[in-house]
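Subject: Structure handover

Hello,

Here is the structure I promised to pass on. Please open it first, then read the notes below.

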Amino acid sequence: MYRYDEFDRDFLSDRNREFRGQVERRLAGQLTEDEFKPLRLMNGLYLQLHAYMLRVAIPYGVLSTRQLRQLGMIARRWDKGFGHWTTRQNIQFNWVKLVDVPDILEALAEVDMHAIQTSGNCIRNVTADPFAGAAADEIEDPRIWAEILRQWSTNHPEFTFLPRKFKIAITGALEDRAAIAFHDIGIRIVGGPNGTFGFRIYVGGGQGRTPYVAQEIKDFLPPDQLLSYLEAMLRIYNLHGRRDNIYKARIKILVNAIGIDAYRTQVEEEWERIRGEEIDLPADEAARIRAHFAPPQLQPMPVGHAAFSKARAQDSGFDRWVRHNVLPHKNPDYAIVSIAFKEPGRPPGDATAEEMERVADAADRYSGGEVRVTYTQNLILPNVARADLADLYEDLKATGLVAGNTGLITDIIACPGLDYCNLANARSLPIAQDITERFAEPEKAEAIGELRLNISGCINACGHHHSGHIGILGVDKKGTEHYQITLGGSPGDDAAIGDIVGPSFPAEEVPDAIEKIVDTYLAQRRDEEGFLATYARVGADPFKEALYGTSR
Amino acid sequence: MPSVITANRLVDGIVVYLSENDNWLTDLTAARVAEDEAGLEKLNAIAGQAAADHIIVGPYPMAVDLDKGIPEPKSVRERIRAAHRPTITAVTEAR
Ligand code: SF4
């Protein structure tokens with residue numbers, strides 16, 4: 001993975017020293033909250049419902065075991081013993097004290113981590129395919145380009161005060177696992193002629209109050225021109241983006257107001273003008289960064305097929321876990337393993353300090369010390385020998401992290417909602433737990449098959465409800481928590497925004513409503529048809545009928 | 001409408017309520033209740049001073065029920081704040 005050099009380290013320690021001074025001045029009353037707020041937000045520090053919340057960047061979701069252990073240490077020492085994987089591959093600590101934050105940032109810096117670009121109107125932490133470098137369907141490792149984007153965007157003077165926050169995602173594989181269509185800029189690495197590759201660029205996607213699927217702006221961009229093109233895109237946005245109205249300030253509003261063609265024309269003109277200005281990375285610098293992501297030396301580890309099949313036959317839990325949480329790796333002797341943080345009784349994405357340490361141990365033992373965070377709030381061990389799967393399963397079992405439900409209905413994405421968040425209309429976590437409880441029987445969840453169910457506590461859509469096959473949005477209805485259900489959203493290659501199915505439900509009726517939707521799907525589906533295909537074929541009416549008794 | 005003043009404590013962000021002797025306590029039941037506009041104005045002035053004195057952040061008045069003789073929050077949001085914890089079992093408490 002990328003290792004910080006002296007420049008990165010000096011930058012970080014300067015920044016932390018500066019913020020320590022600002023915290024001291026705030027505590028001494030030399031700064032008012034109005035003065036301090038933008039400063040703390042630049043360092044990822046929010047004031048939430050119960051306490052301060054520190055959002056720590058995990059660039060493109062990649063963690064070393066040393067970093068993961070340090071996050072565990074921070075959770076134990078300065079928080080209540082747990083953290084929360086966010087829907088942007090970051091981690092949040094929910095209960096930090098302002099007085100402790102400078103020390104926490106120092107502890108993060110010890111392992112080359114920070115909370116920069118996790119808040120405010122800047123280019124946020126770039127997200128990527130969590131299977132990067134390991135996926136069987138990969139064309140090019142997106143981490144290299146995510147790191148190049150990180151270096152380009154961190155403290156870029158032109159882009160630290162954008163009209164609004166700006167989110168970039170990148171995938172280098174055939175299947176989009178980074179939800180690129182729901183980002184301000186989405187980048188898909190595509191194959192070019194003669195074994196080359198380039199970037200297909202999408203713009204103007206996002207969820208929230210006005211959801212849009214991103215549109216293609218550039219079909220093929222050679223790799224050495226990525227930065228100048230993105231710079232032109234951001235510059236046009238910076239010129240036109242509306243700063244007078246935060247609901248209209250995102251690039252998606254601009255692109256949809258003037259149209260993708262007009263936006264493209266302006267970007268291309270700007271690009272022609274600036275291309276020669278040495279914005280693009282010199283080849284040797286790109287090569288230097290690429291070297292940090294050299295593929296691991298994976299020894300041939302043929303799996304004993306007889307023993308493996310026997311282990312699966314003997315333990316249905318292991319068998320299910322292999323079916324859903326073990327994914328194809330580039331190297332057929334190896335696998336990508338998803339560690340689920342979703343099960344009855346667990347708030348989605350919450351992880352204890354001890355679990356972080358146990359996963360770090362497992363990653364050291366079985367995955368070359370590498371861990372990834374997914375935007376679906378799970379962890380990934382990217383390089384596990386198939387021959388080690390049974391041992392890994394036993395180790396994880398001792399930690400209680402062996403739910404074999406990745407991609408199933410209980411693998412719910414949920415934002416913190418009204419249990420923690422200052423902006424929330426309604427709670428997300430109890431709804432997630434009630435639904436998880438309802439479908440807790442593994443056979444039941446498995447019979448339903450792949451199903452993405454996402455929950456947000458308000459229209460800001462941190463829980464990605466728009467892109468859930470089933471989406472749940474918390475709304476305030478005359479002072480009570482209600483939930484609006486959407487159907488047919490998708491985060492992937494067939495990206496779509498879900499349709500509102502009808503009037504909202506009070507909390508206690510949500511699990512029944514979800515069960516009715518699922519039952520309708522099961523009754524309507526043909527053969528192995530997935531939820532989206534069935535929904536596209538039969539439309540919303542049967543679901544409305546099941547939910548409201550009348551088809552409207 | 002009876003109201004109290006709530007805020008977050010500057011040093012640690014914890015939810016607090018304006019109580020007797022201008023103290024800021026985490027316990028809602030100890031909060032000073034303003035019965036009318038004039039009373040609330042008085043509490044607001046104290047809160048404004050406490051914010052200026054860098055004790056608390058973001059004070060605001062919050063309506064309460066007094067049916068049980070102690071101030072109780074009216075909204076879910078304020079019930080969650082007053083409880084100082086989420087409404088679900090935390091992952092550290094689960095096992
Ligand atoms: S979706 Fe709303 S409630 Fe949920 S975390 Fe985002 S802002 Fe908070």
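Contact here means heavy atoms within 4.5 Å. This is a predicted model, so local features need pLDDT of at least 70 and side-chain atom pairs count only at pLDDT 80 or more, while totals for chains, interfaces and linings use all residues. Residues are numbered from 1 along each chain as its sequence is written, chains are lettered from A and ligands numbered from 1 in the order written, and side-chain values use heavy atoms, with hydrogens and water left out.

Domains of chain A

Chain A is assigned domain 1 (6–110), domain 2 (127–291), domain 3 (305–397) and domain 4 (413–548). These bounds come from an automatic or database domain assignment.

Take domains 1 and 4 of chain A. Their centres, taken over C-alpha atoms, are 33 Å apart. In contact are 10 residues of domain 1 and 11 residues of domain 4. Together the two domains bury about 820 Å², with 53% of it on carbon and sulfur atoms. Buried area is the accessible area (1.4 Å probe) that two parts lose on being put together, summed over both. On the domain 1 side, Q48(A), L49(A) and T87(A) supply 58% of the buried area, more than any other three residues.

A salt bridge is a side-chain nitrogen of Lys or Arg within 4 Å of a carboxyl oxygen of Asp or Glu. Polar contacts do cross: six residue pairs, both at pLDDT 80 or more. A polar contact is a pair of N or O atoms within 3.5 Å; within protein, one must be able to donate a hydrogen and the other to accept it, and residues adjacent in sequence count only if both atoms are side-chain atoms.

On the domain 1 side, β4 (82–85) and β5 of chain A each give two or more residues. The largest share, three residues, comes from β5(A). Helices (H or I, at least four residues) and strands (E, at least two) are DSSP runs, numbered from the N terminus.

Chain A against chain B

Here 37 residues of chain A are in contact with 26 residues of chain B. The chains bury about 2,400 Å² between them, 62% of it on carbon and sulfur atoms. In chain A, R26(A), L49(A) and H50(A) lose the most area to chain B, together 21% of what that side buries. The count of salt bridges between the chains is zero. Nine residue pairs are in polar contact across this interface. The chain A side has 17 nonpolar, nine polar and 11 charged residues. Ala, Val, Leu, Ile, Met, Phe, Trp, Tyr, Cys and Pro count as nonpolar, Asp, Glu, Lys and Arg as charged, and the others, Gly among them, as polar.

Ligand and salt bridges

The residues around the ligand (a heavy atom within 4 Å of it) include C415(A), C421(A), C458(A) and C462(A). This shell divides into eight nonpolar, three polar and no charged residues.

Over all chains, the whole structure has 55 salt bridges. In one, the side chains of R200(A) and D219(A) meet at 3.2 Å, N to O. R200(A) lies in strand β9 (residues 197–203) and D219(A) in strand β10 (residues 215–221) of chain A, so the pair ties together parts 19 residues apart in sequence.

Best wishes
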